Amino acid sequence: MANGNRKALTAEEEKKLRQPIENYVGKIQAKIDSLRADGTDQVLSLQNQMDAIKRDRILTKGEKEESLAKCQSKLGEAKAVEAANKGEIADLIADAENYLKAHFVKDYYQPVKESCEEEKAAAKEKYSSKTAQLAKEHQEAMSKLTDHQEIKDEKYVYKNRQFDAKMELAQDLQQVKDRRHEAYTYQYHLLDLLRMSKFSFMETRAQKWENYKYTFNSKSFLLQNGLYIAIVLIFSMLCVITPIVKNTPLLTYSNVLNILQQASPRMFLALGVAGLILLTGTDLSIGRMVGMGMTAATIIMHQGVNTGAVFGHIFDFTGLPVGVRVILALIVCVVLCTFFTAIAGFFTAKFKMHPFISTMANMLVIFGLVTYATKGVSFGAIEQAIPNMIIPKINGFPTIILWAAAAIVIVWFIWNKTTFGKNLYAVGGNPEAASVSGISVFRVTVGAFVLAGILYGFGSWLECARMFGSGSAAYGQGWEMDAIAACVVGGVSFTGGIGKISGVVVGVFIFTALTYSLTILGIDANLQFVFSGIIILVAVMLDCLKYVQKK
């Protein structure tokens, strides 16, 4: 236990170190409590009583008013006492805080911390001695054995003893860790009582950092963030390689804006399918939805009379004002996409059909209808003024990014601040339990598909404006993989009920940035699919490992 002139503290010695702090701050706390008894404590108690009276449905209106009036009268008296004692309480708190600053770390926490380091070293030394002793005993036992089964049994026993020694070390280290953590947090416990749970920003951050260090587990950290670390390393390598190979830097302002611009329409698609993945589902028809939306938007916003026909009919919207055509195109995109997602949602919810099947059917129907209707023709460019109306560039900044930011905020609000969002998590986590608790699984499922359709419609409309039209049935092929992969990489779990909007955003940016970087580097588009596939495989593997650990 000894190391130089220092030694580990016993529990009694640690208690003696803490005793002066407890006595000094304890006396101040007792004075503060007595001053708060008829003031702050009474104010809080009366406010709780008044809230309870307001919620009480048994009392009549007159009884409520009478009770509230009495409480209000007492509340005024309590607030007067609170105001009278406020200065004295503040002085007492300041006294206690100054004492803690002067003595807590120096007289208590630092000695305990040093003691913990000694205990940690002693635990490791004990483990080394134990493993060395076990190895010696094992060698002696093995030298005396000749029977194959006996040798096998001895090896098994030796492994178990090694495991026991390792577990004992882990337990000893955890006890040391607990002791240091308790010593650190004791100061905040005292401050919590003094200030009634009011901490400064820096104190709050310090506590969070301490709790993070205390609960940190390297294995869990790698499971949670290993993929991100690998992607950051790959992207860093690309940033180094690109200037060497292509004589152009990768991380420039224009490149970053291009990445964000390309990511913006895809953000709508990823946000839409994220809700379906949250319900342990997916959507294979996203790419075909984009093609359908692009085609419809291009036809409506086309520059001049359409050269292509739909079911043999050539549409001409040039008689409508440009602004009306833009809004009409958006409405048509949203309605078409929502119509098909609602159908898939209905079959999924009503007949317990797996979304893989219902959305695959959607994919085939949409592609077949659009291709047959248009004969696979690309419909050319839209009116030149329209992109500047929808997504103008202000001083070189593409405002399409603001559309994506608005979508992120809205979907975050829906997921986190509405009843539908809470039900979405509940149904995704356990549909049977959600149903028993009164949640309509059918409505939530169809609602998630409808929300996805609305987002797909907006995304295809924005993509049409970004690309100046060029809508065709083939456009958007493979985009469903990008959207699903972005969600998986962003931590939206296929096990259901787990995922955050921030993860989806990060996933979209990761895939867009990686694709953009590989394109600049001149990597063949087919090889880019290989990179995407590997990333998806690793992401799902890590997700499955996290799920298995929880089980």
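Analyst: This is a predicted model. In it, R18 lies over the face of Y186, at 4.4 Å from the ring centre.

User: And what sits over the ring of Y372?

Analyst: That is K375, whose charged end is 4.7 Å from the centre of the Y372 ring.

User: OK, rings against rings. How many aromatic pairs are there?

Analyst: The count is 22 aromatic pairs. One of them is Y24 with Y99, where the ring centres are 4.0 Å apart and the planes are at 10°. Planes under 30 degrees apart count as stacked, so this pair is stacked.

User: Where in the chain are Y24 and Y99?

Analyst: Y24 belongs to helix 1 (residues 11-37) and Y99 to helix 3 (residues 61-144). They are 75 residues apart, so the pair links distant parts of the chain.

User: Is Y99 buried or exposed?

Analyst: Y99 counts as buried, because its relative accessibility is 15% and the limit for buried is under 20%.

User: What about F216 and F221, stacked or tilted?

Analyst: Tilted, because the planes of F216 and F221 are at 50°, with the ring centres 5.5 Å apart. F216 is partly exposed at 36% relative accessibility. F221 is partly exposed too, with a relative accessible area of 30%.

User: Which residues do ring pairs link into a cluster?

Analyst: Y109, Y184, Y188 and F199 are linked into a cluster by ring pairs.

User: Changing topic. How many helices and strands does the chain have?

Analyst: The chain has 18 helices and four strands.

User: What share of the residues is buried?

Analyst: Of the 551 residues, 40% count as buried. The chain exposes about 30,200 Å², and carbon and sulfur atoms supply 62% of that area.

User: Last one: among contacts between residues at least 6 apart in sequence, what share joins residues at least 24 apart?

Analyst: For the contacts in this chain, that share is 78%.

Notes. Residues are numbered from 1 along each chain as its sequence is written. This is a predicted model: local features need pLDDT of at least 70, side-chain atom pairs count only at pLDDT 80 or more; totals for chains, interfaces and linings use all residues. Side-chain values use heavy atoms; hydrogens and water are left out. Rings of Phe, Tyr and Trp (its six-membered ring) pair if their centres lie within 6.5 Å; planes under 30 degrees apart count as stacked, over 60 as edge-to-face and the rest as tilted. Helices (H or I, at least four residues) and strands (E, at least two) are DSSP runs, numbered from the N terminus. Buried means under 20% relative accessible area, exposed over 50%, partly exposed in between (1.4 Å probe, protein chains only). A charge sits over a ring if NZ of Lys or CZ of Arg is within 6 Å of the ring centre and within 35 degrees of the ring normal. Contact means heavy atoms within 4.5 Å. Accessible areas come from the Shrake-Rupley method with a 1.4 Å probe; for residues, only the protein chains shown count as cover.
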